[in-house]
Amino acid sequence: FDINRTIDTFVHDRLTGATERISVTTDGEERAGDSYGTPGLSGDGSIVAFTSDATLVPGDGNAERDVFVRDRGAPLGVAGLRADRSGSTVEVTGRASFAGALAEASDPTGDGLPAGADLRSVSIAYRPQRGDLLVRWVPTEMPTLRGPGGLGTAFEVRGGTVPTAAAGPAYELRVTSGGRSYVIRVDAAGASLLHCEAACARPVPLDGSFGTTGVAATAEVPLSFLGARPGETLSALHATAGAAAQATADDVSLGSMLLAEPNVDVGLTFAGTPPDEVTFHRAELDLGAFRGSAALDASGPHDVWARACLGDTCHATRTTLDP
């Protein structure tokens, strides 16, 4: 909870939709003290450098503003891990993030189609905490909306050509869910979901658009719109990039994607025990917060583990419980 009433540093992941507070201690606790200036961010977003008045690391006793560097690690992970003794039981609490890209494909060569039709890559991020998918198309040359033109809405293309509105770019992802077919589409009218039976119709508006930088298109799709739930599989994932009035399109297939159930396990073992020898037990999970317990065998230092999993992908964090 952000209750320190000071200016903090955050990182927002535009792919997964996750927002993480960076200006906290190594165990996820907040401290009083403002952050200043513009943080530095590595190309993959995993390393953040920022300036803060807060005391965030052990040994910081100079009462001065310092520069900190934080390794955020994977988008799937555990933060704020805490262990408290209660007799022969240890209660383990913390927060977990599960957002991550589960389906991704690329087309490194392209096919030389008109600007806006060369699909370089496409990815689907499953965001359990939001109950949706984020689809992202990355073409080689993405048109940006220029505004009303002589023939209606026109597009300004970095490659130099200006197609009419009818021949403007269109990006699609075809998906089968629960035996029904859908098309997720981004074009001049915005983002929409179409139900496809004999033909694709009944468009439902979605949040999404052409990228503001001119090099991507995105659409946010609630699972409820697809009639899908965690634990189900989406199949026949096929992405295309083309012009609305042309049959020609560049395409990429992604196979299928499991909407895995997120879960957190906790474990307690003697300090120094190898990770593969830890016995884990399922924790209670409410959105991103988890709570679990483990039996304390004897006095002495113990390693407390929390492991967040989304399907077969897991990320574990450890802290030491002193006697």
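A salt bridge is counted here where a side-chain nitrogen of Lys or Arg lies within 4 Å of a carboxyl oxygen of Asp or Glu. In this predicted model, Asp 8 meets that criterion with Arg 21, the closest N and O atoms being 3.4 Å apart. Because Asp 8 lies in the segment before strand S1 (10-12) and Arg 21 in strand S2 (residues 19-21), the pair ties together parts that are 13 residues apart in sequence.

**Salt bridges**

- A search of the whole structure finds 17 salt bridges, and in the one between Asp 8 and Arg 21 both residues are buried.
- Arg 185 and Asp 187 are joined through their side chains at 2.7 Å, N to O, in a salt bridge, and Arg 185 is buried, as is Asp 187.
- Arg 130 and Asp 132 form a salt bridge at 3.9 Å, N to O; Arg 130 counts as partly exposed at 44% relative accessibility, whereas Asp 132, with a relative accessible area of 6%, is buried.
- Arg 130 and Asp 132 also belong to a network of salt bridges that links them with Arg 127 and Glu 220.

**The open sheet**

- Three strands, in the order S3-S4-S5, make up an open sheet with antiparallel pairing, in which strand S3 (35-41) and strand S5 (66-71) are the edge strands, each pairing on one side only.
- From one strand to the next, the twist averages 20°.
- Four bridges connect S3 with strand S4 (residues 47-52) in the antiparallel sense, and Ser 35 has Ser 52 in S4 as its bridge partner.

**The loop between S3 and S4**

- Gly 45 is found in this loop and counts as buried, at 10% relative accessibility.
- The C-alpha atoms of Gly 45 and Val 11 are separated by 8.3 Å, although the two residues are 34 residues apart along the chain.

Key
Residues are numbered from 1 along each chain as its sequence is written. This is a predicted model: local features need pLDDT of at least 70, side-chain atom pairs count only at pLDDT 80 or more; totals for chains, interfaces and linings use all residues. Side-chain values use heavy atoms; hydrogens and water are left out. Two strands pair if DSSP finds at least two bridges between them. Helices (H or I, at least four residues) and strands (E, at least two) are DSSP runs, numbered from the N terminus. Axes are lines fitted to C-alpha atoms, for helices over the stretch in contact, and angles run from 0 to 180 degrees between N-to-C directions. Buried means under 20% relative accessible area, exposed over 50%, partly exposed in between (1.4 Å probe, protein chains only).
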